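Here are my notes on the model you sent.

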Amino acid sequence: MDDLRRIDLNLLLTLHALLAERHVSRAALRLHRSQPAVSHALAQLRGIFDDPLLVRRDGGLTLTARAIELRRPLEDALDQLQGLLHAPAFDARRARRTFRVALSDYGARVALPALTRRLRERAPGVDLASSQASREAMLTQLLDGEIDLALGVFHDLPGELQTQTLFNESFVCVADRATLPTRGGLSLAAWLARPHVLVAMRPGPDNEIDQALAGLGHARRVAVTLPHWSIAPELIAGTDLVLTVAERSVAPLRHDRQLRRFAAPFPIPPFPFQAIWHARRDVDPAHRWLREQIVDVCASAG
């Protein structure tokens, strides 16, 4: 905050003009200011950034490496301010736009059906291009501008990314009804004695279920690991396997006659399902509208 107090919007506008024109007099004309005022501002900017920013070479001014680094983030910041002050209205019914959204198999099950129906009804010219990737890849794609939005479970987000929790999700177990007691589920000992199915992008104990088990001093045997939740219940039917997954992913099994859902025999902390996006998209009215639709459909899915 101390650094922000040393600089105001006029200085940022002056810096933008200097980096674009590479000439003090032309920057002054562009800003409708006097040349001495722009020269004074340049001196202030050099002190703030501890860099000459423009250096004389071959009869003209050349940008330093630091000045070149500043151009893109400065343009993004000024664009966001401009959008904040003069954000155009977003007409969903007339809009023509494609949003690029990355989400997991679970996220697609929870959000995409209702979101697609809503877009067809309220914004028929808005298209969705969805993709699936690991959490790390989604963060990289957001930072690089390759996607507009990501839905999933994220930790330790970079400062450039904004986040909104859509809902908090709990875990539930699923097993073949014939292998369970007439009522209730399994004790912890019986649960640990069974082989398990893990839905994850890669094998290993780096998941909420096995971490909760490890905290109690236990480990389970994972007989099958697969990246897609949708096929997982079919692996359970007719076997002794147990599937422990996010509750919304197996909501359609509520009335299944062969499979039964039951509570895990040990506490597994719930997790937040989130939408994340780059700060540069924050003031985009179309992007904000899409986020509002996703909030609504996820609330309804709960």
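**Notes on salt bridges and a sheet**

1. Arg118 is buried, at a relative accessible area of 16%. Buried means under 20% relative accessible area, exposed over 50%, and partly exposed in between (1.4 Å probe, protein chains only). Its partner is Asp296: the two form a salt bridge, with the closest N and O atoms 3.2 Å apart. Arg118 sits in helix α6 (residues 105-122) and Asp296 in helix α11, so the bridge links distant parts of the chain, 178 residues apart. Asp296 is partly exposed, with a relative accessible area of 36%.

2. On provenance: this is a predicted model, where local features need pLDDT of at least 70 and side-chain atom pairs count only at pLDDT 80 or more, while totals for chains, interfaces and linings use all residues. Residues are numbered from 1 along each chain as its sequence is written, and side-chain values use heavy atoms, with hydrogens and water left out.

3. How many salt bridges does the structure hold? There are 13. The criterion is a side-chain nitrogen of Lys or Arg within 4 Å of a carboxyl oxygen of Asp or Glu. Helices (H or I, at least four residues) and strands (E, at least two) are DSSP runs, numbered from the N terminus.

4. Asp284 and Arg97 join their side chains in a salt bridge at 2.7 Å, N to O. Asp284 lies in the loop between β12 (271-278) and α11 (285-301), and Arg97 in strand β3 (residues 97-103), so the pair ties together parts 187 residues apart in sequence. Asp284 counts as buried at 18% relative accessibility. Arg97 is partly exposed, with a relative accessible area of 25%.

5. Asp148 and Arg281 also meet in a salt bridge, at 3.5 Å, N to O. Asp148 is in the loop between α7 (135-143) and β5 (149-152); Arg281 is in the loop between β12 and α11, 133 residues apart. Both residues are buried.

6. Glu21, Arg26 and Arg30 are linked in a network of salt bridges.

7. Now the sheet. Five strands form an open sheet in the order β9-β8-β10-β7-β11, with mixed pairing. Two strands pair if DSSP finds at least two bridges between them. The edge strands, β9 (222-226) and β11 (259-262), each pair on one side only. The twist averages 30° from one strand to the next; axes are lines fitted to C-alpha atoms, for helices over the stretch in contact, and angles run from 0 to 180 degrees between N-to-C directions.

8. Which residue in β10 is the bridge partner of His196? It is Val242. Strands β8 (residues 196-199) and β10 (residues 242-246) pair in the parallel sense over two bridges.
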